[in-house]
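Student: I have a protein model open and would like to understand the words used for it. Could we go through them together?

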Amino acid sequence: MEFLFEILLELILEGTMEASQNKKVPKAVRVFLIVLISALYLSVIGLILFIGVTCWKTNKIGGLIIITIGSVIFIMAAVKFRKMYLDKTR
């Protein structure tokens, strides 16, 4: 069941990312897909940061490591978003 869920979610995410870059898809649909993808990734990054802050209270080193990982993932996602969507309009 877990394998099936993983494959289904991967197909949906890949399809959404491809459709958001396709010029044949109407602009309103592409913007909606971009917002949907961004919200999904930001929620996962926010969850990682929340776990890091929660761990910070009991374990300073572990919390710092998780917060650092979440911050690095956020920076990498921002760079990818900029290359994928913002630099193409220039």
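This is a predicted model: local features need pLDDT of at least 70, side-chain atom pairs count only at pLDDT 80 or more; totals for chains, interfaces and linings use all residues.

Student: Why is Ser20 called buried?

Tutor: Ser20 has a relative accessible area of 4%. Buried means under 20%, so Ser20, at 4%, is buried. You will find Ser20 in helix α1, residues 2-21.

Student: What makes the pair Met17 and Ser20 a polar contact?

Tutor: A polar atom of the Ser20 side chain lies 2.8 Å from the backbone oxygen of Met17. The cut-off is 3.5 Å between N or O atoms, so 2.8 Å falls within it.

Student: Which residues does Ser20 touch, leaving out those up to four places away in sequence?

Tutor: Those are Arg30, Leu33, Ile34, Ile37 and Tyr85.

Student: Which residues make up the largest nonpolar core?

Tutor: There are five: Met17, Ile34, Ile37, Met84 and Tyr85. Helices α2 (27-58) and α3 each give two or more residues to this core.

Student: Why does Phe74 count as partly exposed?

Tutor: Phe74 has 40% relative accessibility. Partly exposed covers what lies between buried, under 20%, and exposed, over 50%, so 40% puts Phe74 in that class. Phe74 lies in helix α3.

Student: What makes up the nonpolar surface patch?

Tutor: Leu42, Phe74, Ile75 and Val79 form this patch of about 370 Å². Helix α3 (residues 60-86) gives the most to the patch, with three residues.

Technical notes: Residues are numbered from 1 along each chain as its sequence is written. Side-chain values use heavy atoms; hydrogens and water are left out. Patches are made of residues with over 30% relative accessible area and no salt bridge: like charges are joined within 9 Å, nonpolar side chains (Val, Leu, Ile, Met, Phe, Trp, Tyr) within 5 Å. Accessible areas come from the Shrake-Rupley method with a 1.4 Å probe; for residues, only the protein chains shown count as cover. A salt bridge is a side-chain nitrogen of Lys or Arg within 4 Å of a carboxyl oxygen of Asp or Glu. Helices (H or I, at least four residues) and strands (E, at least two) are DSSP runs, numbered from the N terminus. Buried means under 20% relative accessible area, exposed over 50%, partly exposed in between (1.4 Å probe, protein chains only). A nonpolar core is a set of buried Ala, Val, Leu, Ile, Met, Phe, Trp, Tyr and Cys residues joined through side-chain atoms within 4.5 Å. A polar contact is a pair of N or O atoms within 3.5 Å; within protein, one must be able to donate a hydrogen and the other to accept it, and residues adjacent in sequence count only if both atoms are side-chain atoms. Contact means heavy atoms within 4.5 Å.
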